[in-house]
Amino acid sequence: MPMYGDLGNKLVQHAKRTQNLAHLPSYQTELVRAVAREVRDLDKDVASLLEPFQGSFDPSAEQATACTLLVNHLSMRRNKRCLLAYHRTRTDKLEELVWSGSDVLDLAGQQTGGGNGGPVADSGGSSSLSPQEEDYFRQYGDLLAAYKGQWTDIDLTGSLEPPRDLFIDVRVLKDAGEIQTEYGAINLTKNSQFYVRQGDVERLIAQGYLQKLG
Amino acid sequence: MSYYDIDSILTQSEKIPCTFQLDIPDLGYLDNTPTQPLKAGTKVNLPLWLAEMLVIANSGDAEGKSFVTFDLPPALGNDVVQALKADPRAVPLRDQSPHFYGLGTHMMDLSEEQEMAAVLRKTFVTRAAEVALHARKVGGVGHRGKGPEEGSNLGIGGAGEEFLRGLDEWERKLFRKAHDGAKSGKEWMEGVKKH
Amino acid sequence: MDIDDILREVDPTFHTIPQEKRDLQELTRAWTAERSAPELLPWPTSGLFERINDSIKHQIEKVEEMTGDMDPKTNFALIVIQTELERYRYLVRSYLRARIAKIDRHTLHYLSTDDLRARLSEMELAYATRHQALLHNHYLSSFLSSFPAGLQNLNDAAGGISMIETPDLDAAVFIRLLKDTFVTARGVDEDDAANMRESDIIILRWSDAKPLVEAGSAELV
């Protein structure tokens, strides 16, 4: 027979799977409700166990009751920890999505078949996010935007790859005409050499117009 | 041990055999008999999150005895310990428990098992070396020719895969870290060679 | 001890180095240290980031002015400026992100005492406070508000485990000694102590390395 804490454990197993997924699986609305209900039921049990003692409970005189109370308390704490860890795992994922520039509308739309009219507005239960998570996603997005706004020249959410090989030497293998780069136009005539930004010429290298030197 | 850590929470759901030391009317459900009292002497498998505190808590009587006593779980039983003594690499820890070391650490906290502590430690050190070795091999990262890994009797073939399958969660993390480390190390070396 | 004092001690040519170059050195050190240390390090109060921000703005303006100028000589200068700009941007971004990651992981810890709060910049403090409030509110609206009052805390240590997670101060770090130093370090089986020389690189627990780094005897690498 199931014991207290089993449902909470299921939630944590969901969290464990979530950690290894690229996307965010559906919010376990029913399971969350059931675990929270278990906490309230346990709390009621505690109250009714203590009721006959009128505030003068002596654990050493009532060992069996003391043990039951301890089990109830531990079960409540266990459920709380499972619920928090489950929600935290998901908000971690949501924050990652905010950092990578995802839109909550895209997320919610994934499972609603991209229906227009804003799946956020009609939380018809088909979104993988709970309504509270959709709120959190938006609010954290605002928070990050505010923080980023203080560092506009840095592009805080930009690449964390060090700018290695930023500029490279290239030789022109065949005339490619003029290309626009961030620092002006360059005329690529055969056999000329340039020191250019790699990102600007990657396609030309792939197409065989340019050869990377060095 | 951290509050929000998923693996730490799952580790504490591992069960250990416990014996209740007193009759408890309201806990019959723990032994599948919710309508009857739990009798002293009843053996029940309890998850660590419950068992640990029941073992530590003093029932409050004059002799200071606990609500429950416990035995080592089968995952840390004598058979397993003997097998680990013989060859730590030959035991698929995952089959014993996905959180084998976590379980072991919790049990060490509850009881002084000097011999087991020594066995677990040797197991970890021996297997960690093997884990690192495989992490370099997988994905063609390992270098060919003679090297320290020649000493291993586990090839990348059947036996190696069986070894990797038997890693517990902690070892899996170690494996992933070692693998990523070896991979970025290799990429770095190739980057250096290009210049 | 200020990083300037350390630099002055270890490098007699300190004052001949232009401010901008010193700032880049300091930024690089702060970046290296922040990425190595398991806990959040104090935000530099020397005005470093204000100067760096100004410098970045200045460089961006220069690039904009020079763009379109086809003179090959200025073109080359432009490339140099842009390379430098990218490097600055990367260092600041990576530094800030390393800090945010630590703050996010242990928010309640860094908000828990005045000493710890003082390590955060004003902006980071505002971010951390708001982030924690958002999380708390999210838990409340998802399930926590239906709990009995005594169970609604996010910061107690009931049941033998603290809800406030803390960084692992015993994690291993590498340090380079900036002067000859007597180093003591705790190990798993036994502790160790030895006289080490300037520029030696050693690995030890952060809790053992921290006093050396703070005293200016060593730096994180």
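Among contacts in chain B of this predicted model between residues at least 6 apart in sequence, 66% join residues at least 24 apart. The secondary structure of this chain comprises eight helices and three strands, arranged from the N terminus in the order α-β-β-α-β-α-α-α-α-α-α. Of its 195 residues, 29% are classed as buried. The mean pLDDT of chain B is 83, with 82% of its residues at 70 or more. Over residues 140–155 of chain B, however, pLDDT stays under 50, and for this segment the model has 16 contacts beyond four places in sequence.

Chain B is assigned two domains, domain 1 (1–71) and domain 2 (74–195). The contact between them draws eight residues from domain 1 of chain B and seven residues from domain 2 of chain B. On the side of domain 1 that touches domain 2, α1 and α2 (48–56) of chain B each contribute at least two residues. By class, that side of domain 1 of chain B consists of four nonpolar, one polar and three charged residues.

The contact between chains C and A was examined next. In this contact, 39 residues of chain C meet 35 residues of chain A. On the chain C side, the elements giving two or more residues are α3 (48–66), α4 (72–105) and α7 (122–142) of chain C. The largest share of that side, 14 residues, is provided by α4(C). In terms of residue class, the side of chain C that touches chain A divides into 18 nonpolar, 13 polar and eight charged residues.

In soluble globular proteins, nonpolar side chains tend to be buried together. In the present model, the largest nonpolar core has 24 residues, and those with the most contacts inside it are A:Leu11, A:Val12, A:Val35, A:Cys82, A:Leu83, A:Ala85 and A:Tyr86. At least two residues of this core are supplied by each of α1 (6–19), α2 (29–50) and α3 (63–99) of chain A, α1 (6–11) of chain B and α7 of chain C. The largest share, six residues, comes from α3(A). Not counting residues up to four places away in sequence, A:Tyr86 touches A:Leu11, A:Val12, A:His14 and A:Ala15. A second, separate core of 19 residues includes B:Ile24, B:Leu46, B:Trp49 and B:Ala51.

The helix α3(A) has 37 residues and reaches 53 Å from its first C-alpha to its last, close to the 54 Å expected at 1.5 Å a residue. Just after α3(A), A:Gly101 adopts a positive phi of about 85°.

Positive phi values also occur in residues other than glycine, B:Asn32 and C:Ser199 among them. Most residues other than glycine have a negative phi. For B:Asn32, phi is about 65°; the residue is found in the loop between β1 (15–20) and β2 (43–47) of chain B. B:Asn32 is classed as exposed because 10 other C-beta atoms lie within 10 Å, and a residue counts as exposed at 12 or fewer. For C:Ser199, phi is near 70°. C:Ser199 lies in the loop between β3 (192–196) and β4 (201–205) of chain C, and is likewise exposed, with 10 other C-beta atoms within 10 Å.

Terms used: Residues numbered from 1 in each chain as written. Chains lettered and ligands numbered in written order. Predicted model: local features only at pLDDT ≥ 70, side-chain atom pairs only at ≥ 80, totals over all residues. Contact = placed C-beta atoms within 7 Å. Helix = DSSP H or I, 4+ residues; strand = E, 2+ residues; numbered from the N terminus. Nonpolar A, V, L, I, M, F, W, Y, C, P; charged D, E, K, R; others polar. Core = buried A, V, L, I, M, F, W, Y, C linked by C-beta atoms within 7 Å. Buried ≥ 20, exposed ≤ 12 C-beta atoms within 10 Å, placed from the backbone. Domains from an automatic or database assignment. pLDDT = per-residue confidence, 0-100. Expected span 1.5 Å × (residues − 1).
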